[in-house]
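Please read them with the structure open.

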Amino acid sequence: MFYLTFKKNIEKMKSKYSLNLGKPFGIKVSIHWTFLLLIAWIVFITMRQGLETAQILMHVLFVLALFVCVLLHEFGHSLVAIKFGGEVHSIILLPIGGMANITKMPEKPKEEFLVSLAGPLVNIVIAAILGLYLYYIHPVSFGDMDFSYITRDNFLPMLLAANIFIVVFNLIPAFPMDGGRLFRSALSVWMSRMEATRIAKNIGQIFAVLFIIAGLYINPFLVIIGFFILLGAKGEYEIMKYQNILEDHKVQDIIITDYDELEPEDTLGEAAKRLQHISNRGFVIKSGGEYKGLLTQKDLITGLETYGKEGKIEDSMNKKIESVTPDMDIFEAFKHMRKNKYDIAPVLKDDAFKGILDIDNINEFFMIRKALQ
Ligand SMILES: [Zn+2]
């Protein structure tokens with residue numbers, strides 16, 4: 001249904017309160033705990049209608065089948081994104097639909113168009129397969145079928161209808177829903193991506209408000225979807241502005257060369273004492289002039305808790321933080337750091353240490369550029 005190209009909060013939410021389902025094609029698939037609320041809601045509604053246990057189970061089964069279709073929809077987006085050189089971190093299933101976390105999105109309008117189209121296309125294929133099955137192999141007569149609740153007989157016709165609904169709903173041009181993305185990539189042919197995003201965002205927000213108002217009368221899920229669109233549109237536009245302003249600037253423009261150094265043999269107590277008199281996020285650890293790793297604030301705190309003040313830095317320093325290079329675009333480095341959840345990164349060129357990059361410095365640089373515009 002949705003896919004977000006860069007969303008920190010979703011990332012956080014996902015890791016904590018969801019159940020892992022596996023990692024097909026290298027994409028982590030999980031299901032959010034609120035999904036249980038959806039099942040509970042279905043059970044509640046059907047019980048209130050006075051249905052029997054077997055009928056209630058049929059409804060739950062239907063929701064599960066529907067979400068398999070939603071998952072396949074997200075795989076449609078994800079696999080096409082990967083085909084065009086994009087990167088997909090994970091797919092999460094929420095009660096309001098699926099969400100693919102595409103960490104690197106192909107940005108050419110044509111490629112984005114195809115990535116956006118791939119999701120709904122999957123549901124069209126599912127609907128077509130169900131249609132052919134119901135027409136040729138297992139013909140049903142719709143005339144005397146009761147559609148007021150789900151039964152063994154109308155299960156597949158209802159699933160077919162639901163897939164068509166997913167296609168139609170997703171094609172509404174409410175950015176960042178699929179239709180909105182298709183709309184933006186089409187606009188990008190005539191104008192800058194930034195301008196196209198601005199227009200798509202505004203239209204998306206109008207739809208979001210309509211969804212929220214309509215949802216109050218029709219269905220609470222529509223209200224939630226409306227809020228998601230509202231926040232999603234704003235969030236993506238902000239990121240886009242960020243990217244636009246940082247564009248064409250390299251890591252070497254904001255590299256920090258005035259850093260604090262410690263040696264692996266130094267104690268954590270020494271680092272703690274020094275940290276109180278300087279303002280930085282960590283230390284550069286060098287031995288004989290050679291870079292060994294970083295000791296972030298977090299590493300220091302964890303180290304102090306584990307080894308105490310006399311603990312050696314070499315046991316607590318962070319050798320895992322991935323480095324960036326001086327000629328990398330700042331925005332790329334920024335995304336890289338956010339993805340790895342680090343606030344600082346070493347800058348290395350051909351294994352030679354050049355300095356550090358700090359997320360605060362990127363923010364400062366952004367604000368200065370924005371003020372100058
Ligand atoms: Zn979609």
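1. Helix pair. Helix 2 (residues 35-48) and helix 3 (residues 53-83) have axes that come within 9 Å and cross at roughly 145 degrees. Axes are lines fitted to C-alpha atoms, for helices over the stretch in contact, and angles run from 0 to 180 degrees between N-to-C directions. The crossing of helix 2 and helix 3 is right-handed. A crossing is called right-handed if the near helix is turned clockwise from the far one by less than a right angle, and left-handed if anticlockwise.

2. Residues at the crossing. From helix 2, Phe35, Leu38, Ile39, Ile42, Val43, Thr46 and Met47 take part. They meet Ile56, His59, Val60, Val63, Leu64 and Phe67 of helix 3. Contact means heavy atoms within 4.5 Å. An α-helix has 3.6 residues a turn, so residues three or four places apart point the same way.

3. Basis. This is a predicted model: local features need pLDDT of at least 70, side-chain atom pairs count only at pLDDT 80 or more, and totals for chains, interfaces and linings use all residues. Residues are numbered from 1 along each chain as its sequence is written, and side-chain values use heavy atoms, with hydrogens and water left out.

4. Overall build. The chain has 13 helices and ten strands. These are DSSP runs, numbered from the N terminus: helices are H or I of at least four residues, strands E of at least two. The C-alpha atoms fill a box of roughly 85 × 50 × 40 Å along the principal axes. Of the 373 residues, 47% are buried. Buried means under 20% relative accessible area, exposed over 50%, partly exposed in between (1.4 Å probe, protein chains only).

5. Helix 12. Seven of the ten residues of helix 12 (residues 330-339) are buried, so the rest of the structure largely encloses this helix. The buried ones are Ile330, Phe331, Ala333, Phe334, Lys335, His336 and Met337. Their cover includes strand 5 (97-104), helix 8 (220-246), strand 9 (344-349), strand 10 (352-358) and helix 13 (359-372). Lys341 follows helix 12 and has a positive phi, near 60 degrees.

6. Glu87. Is Glu87 buried, partly exposed or exposed? Glu87 is partly exposed, with a relative accessible area of 34%. Glu87 belongs to strand 4 (residues 87-94). Leaving aside neighbours within four places in sequence, Glu87 is in contact with Asn101, Ile102, Thr103, Lys104 and Lys339. Thr46 is 41 residues from Glu87 along the chain, and their C-alpha atoms are separated by 41 Å.
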